[in-house]
Amino acid sequence: FDGYRFVQPNHVLITDDEGTIREIILREDAGDDVQQFNGILTPGFVNCHCHLELSHMKGLIPENTGLVDFVFKVVSQRHFPEEEIATAIEAAENEMRENGIVAVGDICNNASTLQQKLQRHLHYYNFIEASGWLPSVVQTRFSKSKEYYELFANNLPQTSLVPHAPYSVSEKLWEMIAPYFSKKTVTIHNQETSFEDNLFLSGTGDFERMYKLMNIDNTHHQPTGKSSLQSYFTKMQPAANVMLVHNSFTPVSDIQYAMQQAKQYHQQLFWCICINANKYIENKIPPINELMANKANIVLGTDSLASNHCLNLLEEMKSIQQSFPNISVETMLQWATSNGAAALQMNQQLGSFEKGKKPGIVIIEKVNGQQLNNQSTSKRIL
């Protein structure tokens, strides 16, 4: 698989010793020094949505709590000794490297992952997350997020300042972070629960309970009478790329709306699917068939170890295949490679076997031809 399609049989991938791609040629032209593998050779995977800083929370939150209780437990239970957090981050990164991930779109609310990332074992696009629903905390929250943004950007240039979610970013905070979107990839947690639309349509739903749990006064909120997505999407107009994450409860009307707006703004729009996390939190399957029917650009993510049993894109593909057996492995591999690299603005180097790129080379073993099964595994070989 070259990042876009399966190559016809009897071809050989030529690289230099460091893994830079030279060409794909016929076997008869490749000479004698050819390595043979059983399985699928593919470019390295791009994990477009992860929370590496939550790796120490693996197994702490029960499955199927629903989003409100999940978010509250993350906020209230994430505080561990720094050494434990650092050890968990290192182990989680090693897991991703071993199973074939070469690049990560990582959500950051603090600097706990920076030292690990500076070792440059993986490529990272750092999404520095801003949140602040109460107007009174906006300036403090913005200042803190901007501080982390500058810290990361000075060390790792592929960094952007992004909104956490529609239900956690006030109008004033949107205004303050929007100037940082220009030419960047901007991501947001989108319609992960049905209550998100309720909040904007009518001001009702389970987020009212979350605000009470967190002692947040919600009286400032004015419902828009529109869906969550239609209430905020135009605020991301300055961004070059927009990546909407989860989308578990996104209706076709909102899919079409977002695609029309992105086209109008000359943006690339990507829809990130984290199916195992959606099952873990809400026991909900994202509307992948509807996204495909509307020719959406789909990418894949693992979310965090607080909401998933592993950080492995092959396991995400297996889950998609179980729920959507009509979707080919070729299509899913494109989501996991070239689409992901484009979403993270890394497609000049990663995502496909094209001359001059160094995308990493992964072997998927224990496959049935071009089909995955429960025993299929992936590992990086170069």
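User: How do strand β5 (residues 101-108) and strand β6 (residues 123-130) pair, in the parallel or the antiparallel sense?

Analyst: They pair in the parallel sense, over six bridges. Two strands count as paired if DSSP finds at least two bridges between them. The strand names come from DSSP runs numbered from the N terminus: strands are E runs of at least two residues, helices are H or I runs of at least four.

User: Before we go on, what kind of model is this?

Analyst: It's a predicted model, where local features need pLDDT of at least 70 and side-chain atom pairs count only at pLDDT 80 or more, while totals for chains, interfaces and linings use all residues. Residues are numbered from 1 along each chain as its sequence is written, and side-chain values use heavy atoms, with hydrogens and water left out.

User: Okay, back to β6. Which residue there is the bridge partner of alanine 103?

Analyst: Histidine 123 is the partner of alanine 103.

User: And which order do the strands have in the open sheet of four?

Analyst: The order is β4-β5-β6-β7, and the pairing is parallel. β4 (45-50) and β7 (159-163) are at the edges with a single partner strand each, so one side of each has no neighbour in the sheet. On average, neighbouring strands here are turned by 20 degrees against each other, ignoring direction. Axes are lines fitted to C-alpha atoms, for helices over the stretch in contact, and angles run from 0 to 180 degrees between N-to-C directions.

User: Which order do the strands have in the open sheet of three?

Analyst: That order is β3-β12-β13, with antiparallel pairing. β3 and β13 are the edge strands, each pairing on one side only. The twist from one strand to the next averages 30 degrees.

User: How many bridges join β12 to strand β3 (residues 40-43)?

Analyst: Four, in the antiparallel sense. One of the pairs is proline 43 with isoleucine 361 of β12. β12 also pairs with strand β13 (residues 377-380) over four bridges, again antiparallel, and there glutamate 365 has threonine 377 as its bridge partner.

User: How many residues of β12 are buried?

Analyst: Four of its five residues, which makes β12 mostly covered. Buried means under 20% relative accessible area, exposed means over 50%, and partly exposed is in between (1.4 Å probe, protein chains only). Take valine 362, which is in β12 (residues 361-365): its relative accessible area is 0%, so valine 362 is buried.

User: What does valine 362 touch?

Analyst: Leaving out residues up to four places away in sequence, valine 362 touches residues including Leu41, Thr42, Phe45, Gly100 and Lys379. Contact here means heavy atoms within 4.5 Å. Valine 362 and valine 102 are 260 residues apart in sequence, yet their C-alpha atoms are 9.6 Å apart in space.

User: Switching to helices: how do the axes of α12 and α13 cross?

Analyst: α12 (residues 313-323) and α13 (residues 329-343) have axes that come within 11 Å and cross at roughly 140 degrees. That makes α12 oblique to α13, because angles under 35 degrees count as roughly parallel, over 145 as roughly antiparallel, 65 to 115 as roughly perpendicular, and the rest as oblique.

User: Which residues make that contact?

Analyst: From α12 it's Leu313, Met317, Ile320 and Gln321, and from α13 it's Val329, Met332, Leu333, Trp335 and Ala336. They divide into eight nonpolar, one polar and no charged. Ala, Val, Leu, Ile, Met, Phe, Trp, Tyr, Cys and Pro count as nonpolar, Asp, Glu, Lys and Arg as charged, and the others, Gly among them, as polar.

User: Now the loops. Is arginine 120 buried or exposed?

Analyst: Arginine 120 is exposed, at 51% relative accessible area. It's in the loop between α3 (114-117) and β6, and its phi is near 60 degrees, a positive value in a residue other than glycine.

User: And glutamine 191, where is that found?

Analyst: Glutamine 191 is in the loop between β8 (185-190) and α6 (194-201). It has a positive phi of about 45 degrees although it isn't a glycine, and at 0% relative accessibility glutamine 191 counts as buried.
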